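I opened a new notebook page for this model. My plan is to look things up one at a time and write down what I find.

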Amino acid sequence: MLSRAVRPALSAGNLVLARSAVPQTAGYATLREIESRLKSIRNIEKITKTMKIVASTKLTRAQKAMVDSRAYGEAAKQVYEEAETKPLEDKKTLLVVASSDKGLCGGVHSGLTRATRRLLEADPTLDLAIIGEKCKSQLGRSNGKNIVLSFAGVGKEVPTFADAQAIADQLVMLPEDYASIKVLYNKFINAQSYEPATVEAYSEEAITSSPNFAAFEIDDEVLANLREYSLANSIYWALAEGHACEISARRNAMDNASKNAGDMISRFTILYNRTRQAVITGELVEIITGATASEDM
């Protein structure tokens, strides 16, 4: 049996141990931090869900524009294939990278950047014309000396043939006489996947040197217009396919982000409830210990 003189000291010691086990101030600070984090994650989840809905509504329109553009691009490609057109070996090649200005769409732009760097490793003399700020910022750090032209303000709306024609006008005005112009873009496979691909447009000299060019009976005075028109067709095809890939990738990225945010909300909710229960339990221990100490005194 403990004497009554020892009991107050023991109760005071229990009170100190209880306070050290569950820090009052730290518990409340942790609760406020968890609650603030939960609020931020819920706001992010609302934004990602909204962006997913917007991307889903735009995807149908983007796919329709992509299907329409294939008729232009494939027609120009078929002409070169049937004419057996080949690029001239003694001239440089211009690579047009079809990206956009927008992000939050997974690896759409970084995939084009990696494909461009692989092509530059195979041919370091390639000149680059970049459509969109995303690939420009990525390639500008490592291959800035190869960039001869860039275009901004791309990707806000569904691409049109007028946009492609304006880009083609600037490309044909470059001082260098290129053997061919390759357009690198994201090829739409399905709503979940895409891959980098190229479509090629050739110079007037390469077209006239084609083995089967005479079968088309094209006048010399319209040859320059044919070259520029086929280049615009290829760019339009690339922009439309890339836009559809971007919208699809953004929808998938926002869907994954919403799911991840939901998982984080669940984890932080459990942590918040456990921390809150620990704080309440600590307060009850302090109250009971203090009441016991007061009775013994």
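**Helix 3**

I started with the buried residues of helix 3, and they are Val108, His109, Gly111, Leu112, Thr113, Ala115, Thr116 and Leu120. Buried here means under 20% relative accessible area, exposed means over 50%, and partly exposed lies in between, with a 1.4 Å probe and protein chains only. Helices are DSSP runs of H or I with at least four residues, strands are runs of E with at least two, and both are numbered from the N terminus.

I then checked the length of helix 3. Its 15 residues should span 21 Å at 1.5 Å a residue, and the end C-alpha atoms are 22 Å apart, which agrees. The expected span is 1.5 Å times one less than the number of residues.

**What I am working with**

I noted that this is a predicted model, where local features need pLDDT of at least 70, side-chain atom pairs count only at pLDDT 80 or more, and totals for chains, interfaces and linings use all residues. Residues are numbered from 1 along each chain as its sequence is written, and side-chain values use heavy atoms, with hydrogens and water left out.

**The chain overall**

I looked up the secondary structure and found seven helices and five strands. From the N terminus on, the order reads α-α-β-α-β-α-β-α-β-β-α-α. The chain has 297 residues, and 39% of them are buried.

I followed strand 1 next. Strand 1 (residues 93-98) runs parallel to strand 4 (residues 180-188), and five bridges join them. Two strands count as paired if DSSP finds at least two bridges between them. Thr93 has Ser180 as its bridge partner in strand 4. Leu94 stands opposite Ile181, also in strand 4. Strand 2 (residues 127-131) pairs with strand 1 as well, in the parallel sense and over five bridges. There, Val96 stands opposite Ala129.

Is strand 1 buried or exposed? Six of its six residues are buried, so strand 1 is largely enclosed by the rest of the structure. In a regular strand, side chains alternate between the two faces of the sheet. I found both faces of strand 1 covered, with Thr93, Leu95 and Val97 buried on one side and Leu94, Val96 and Ala98 on the other.

**Two exposed residues**

I stopped at Leu104, in the loop between strand 1 and helix 3. Leu104 has a positive phi of about 55 degrees, although it is not a glycine. Leu104 is exposed, with a relative accessible area of 56%.

Ile53 lies in helix 2. Ile53 is exposed too, at 55% relative accessible area. I also looked at Ile53 and Arg251, which are 198 residues apart along the chain, yet their C-alpha atoms are separated by 7.7 Å.

**Pockets**

I ended with the open spaces. On a 1 Å grid over the protein atoms alone, a pocket is an open set of points where a 1.4 Å probe fits, with protein on both sides within 12 Å along at least five of seven lines; lining residues have an atom within 4 Å of a point.

The largest pocket has a volume of about 290 Å³. Volume is the space filled by probe spheres set on the points, which are joined across faces, edges and corners. Its lining has 22 residues, with Val154, Gly155, Glu157, Pro159 and Leu239 nearest the centre. Helix 3 (108-122), helix 5 (161-172) and helix 7 (223-296) each give two or more residues to that lining. Helix 7 gives the most, with five.

The second largest pocket holds about 240 Å³ of space. I counted 15 lining residues, of which Lys58, Lys102, Lys156, His243 and Ile247 lie nearest the centre. Helix 2 (24-83) and helix 7 each supply at least two. Helix 2 has the largest share, seven residues.
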